[in-house]
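Colleague: Can you take me through the model I just opened? I'd like to start with the charged pairs.

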Amino acid sequence: MSQPLTITSEDILNQVKLSCKIPEIIEDIITLQIIKDAVDKAGIKVETEELQQTADQIRLAQKLNNADDTWAWLEKHSLSLDNFEELVYNTVISGKLAAHLFGDKVEQYFFEHQLDYATVLIYEVILDDEDLSLELFYAIQEGEITFYEVAHKYIEDKELRRKLGYRGKLYRKDLKPEISAAVFAAKPPQLLKPIVTSKGIHLILVEEIIQPELDNKLSRQILTDLFTAWLNSQIEKFEFVPVMASEK
């Protein structure tokens with residue numbers, strides 16, 4: 001039989017301190033204040049329908065299928081109904097402010113930064129021996145062995161070996177500059193000549209390069225990127241010092 005355990009507000013605050021989360025919590029507080037001030041200055045209004053729609057989206061995301069689920073989730077996170085309504089409101093104003101500031105700039109930004117949103121599908125084996133990597137490269141080229149056989153034999157990480165070195169869909173920013181330059185210049189499917197970096201010698205099979213299209217998903221991503229960059233620039237203007245209750 002489990003025994004009851006009392007946890008106080010002081011316990012929670014102390015744990016937040018010990019987990020070194022104070023700076024990011026302070027940043028969250030400042031971010032919200034920046035958003036609220038900008039919303040007031042822009043005269044942005046929130047409609048009841050928008051609040052209801054966002055509340056439904058949050059419940060769907062958290063798999064809160066009925067009232068009992070919702071109350072249990074609120075209790076788990078020590079939230080009151082007023083807290084939940086505040087969460088919904090803050091979510092709505094953040095989205096509306098982002099659209100107000102950057103909604104008409106997404107398309108232009110996309111065309112100016114298309115290369116940043118192109119993605120590539122690659123398989124990769126990283127070796128320690130440059131001579132071996134060249135030997136394997138030419139062996140694959142000559143059809144003496146397949147890339148996937150090389151991956152299965154030389155990749156040490158068990159999970160990556162099971163995927164035969166598949167790295168997934170990657171952006172330029174996900175790759176070292178010397179690798180991204182070669183990868184995005186490839187004509188898939190193409191095996192690249194070994195590339196030397198500080199991490200080792202990379203043997204890379206470029207399967208596909210996917211050119212970006214400005215669909216709804218990418219538009220939302222760009223809008224979020226622009227809004228986040230703006231918020232960061234605003235946060236940098238603040239010099240803040242946390243004021244904590246004096247310890248006994």
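Colleague: What does Lys105 form a salt bridge with?

Modeller: Lys105 pairs with Asp104, and their closest N and O atoms are 3.5 Å apart. A salt bridge here is a side-chain nitrogen of Lys or Arg within 4 Å of a carboxyl oxygen of Asp or Glu. This is a predicted model, in which local features need pLDDT of at least 70 and side-chain atom pairs count only at pLDDT 80 or more, while totals for chains, interfaces and linings use all residues. Residues are numbered from 1 along each chain as its sequence is written, and side-chain values use heavy atoms, with hydrogens and water left out.

Colleague: Asp104: buried or exposed?

Modeller: Asp104 is exposed, at 62% relative accessible area, and Lys105 is partly exposed at 40%. Buried means under 20%, exposed over 50%, and partly exposed in between, with a 1.4 Å probe and protein chains only.

Colleague: How many salt bridges does the count come to?

Modeller: Five, by that rule. One of them joins Glu50 to Lys96, with 3.1 Å between the closest N and O atoms. Glu50 sits in helix α3 (residues 48-61) and Lys96 in helix α5 (residues 81-102), so this pair ties together parts 46 residues apart in sequence. Helices (H or I, at least four residues) and strands (E, at least two) are DSSP runs, numbered from the N terminus.

Colleague: And what about Arg167, which residue does it form a salt bridge with?

Modeller: Glu124, with the closest N and O atoms 2.6 Å apart. That pair links distant parts of the chain, Arg167 being in strand β2 and Glu124 in strand β1, 43 residues apart. Glu124 is buried at 6% relative accessibility, whereas Arg167 is partly exposed at 31%.

Colleague: Changing topic, backbone geometry. Which peptide bond is cis?

Modeller: The one from Pro188 to Pro189, with omega near -10 degrees. Pro189 lies in the loop between α11 (177-183) and β3 (190-191).

Colleague: What is phi of Cys20?

Modeller: Near 60 degrees, a positive value in a residue other than glycine. Cys20 is in the loop between α1 (9-18) and α2 (22-42), and is exposed at 59% relative accessible area. Leu164 also has phi near 60 degrees; its place is the loop between α10 (158-162) and β2 (166-171).

Colleague: Why flag those?

Modeller: Because most residues other than glycine have a negative phi, and most peptide bonds are trans.
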